[in-house]
Amino acid sequence: MREIFAGLPWWVKWVAVPVIAIVVFGGLIASVVGFVIGLLFKVLVFVALVGGLIYVVRKFTSSSSSRSDW
């Protein structure tokens, strides 16, 4: 493989081959990146909702316990 690329001009190695790879595997790369970004977004939404739920539950339990002290 190295011998094949040794005789080629630099622009074939550094421009043409990566462009061909992006054209061939571009859909796969885009779907993987989209899946990872979507997964990270869902994880962040989950963490925010759980954090909000914990905050609301603690707020109501602390306010109800202080009312029972009266």
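Of the 70 residues of the protein, what percentage count as buried? I looked it up and got 1%. I keep in mind that this is a predicted model.

**Overall shape**

I checked secondary structure next. The protein has two helices and zero strands. I then took the radius of gyration, which is 27 Å. The globule rule gives 11 Å for 70 residues, so I note the protein as more spread out than a compact globule. I also looked at the C-alpha trace along the principal axes. Its spans are about 90 × 20 × 15 Å.

**Surface**

I asked for the accessible surface of the protein. The total is about 6500 Å². Carbon and sulfur atoms account for 79% of that area.

**Arg2**

I located Arg2 in helix H1, which covers residues 2-6. Is Arg2 buried or exposed? I put Arg2 down as exposed, because its relative accessible area is 75% and the cut-off for exposed is over 50%. I also took a distance from here. Arg2 and Gly51 are 49 residues apart along the chain, and their C-alpha atoms are separated by 54 Å.

**Val17**

I moved on to helix H2, residues 10-68, where Val17 sits. Val17 has 33% relative accessibility, so I logged this residue as partly exposed. Which residues does Val17 touch, not counting those up to four places away in sequence? I found Phe5 and Val12.

Terms used
Residues numbered from 1 in each chain as written. Predicted model: local features only at pLDDT ≥ 70, side-chain atom pairs only at ≥ 80, totals over all residues. Heavy atoms only, no water. Helix = DSSP H or I, 4+ residues; strand = E, 2+ residues; numbered from the N terminus. Rg over C-alpha atoms; globule rule 2.2 N^0.38 Å. Buried < 20%, exposed > 50% of the residue type's maximum accessible area, 1.4 Å probe, protein only. Areas by Shrake-Rupley, 256 points an atom, 1.4 Å probe, with all protein chains shown as cover. Contact = heavy atoms within 4.5 Å.
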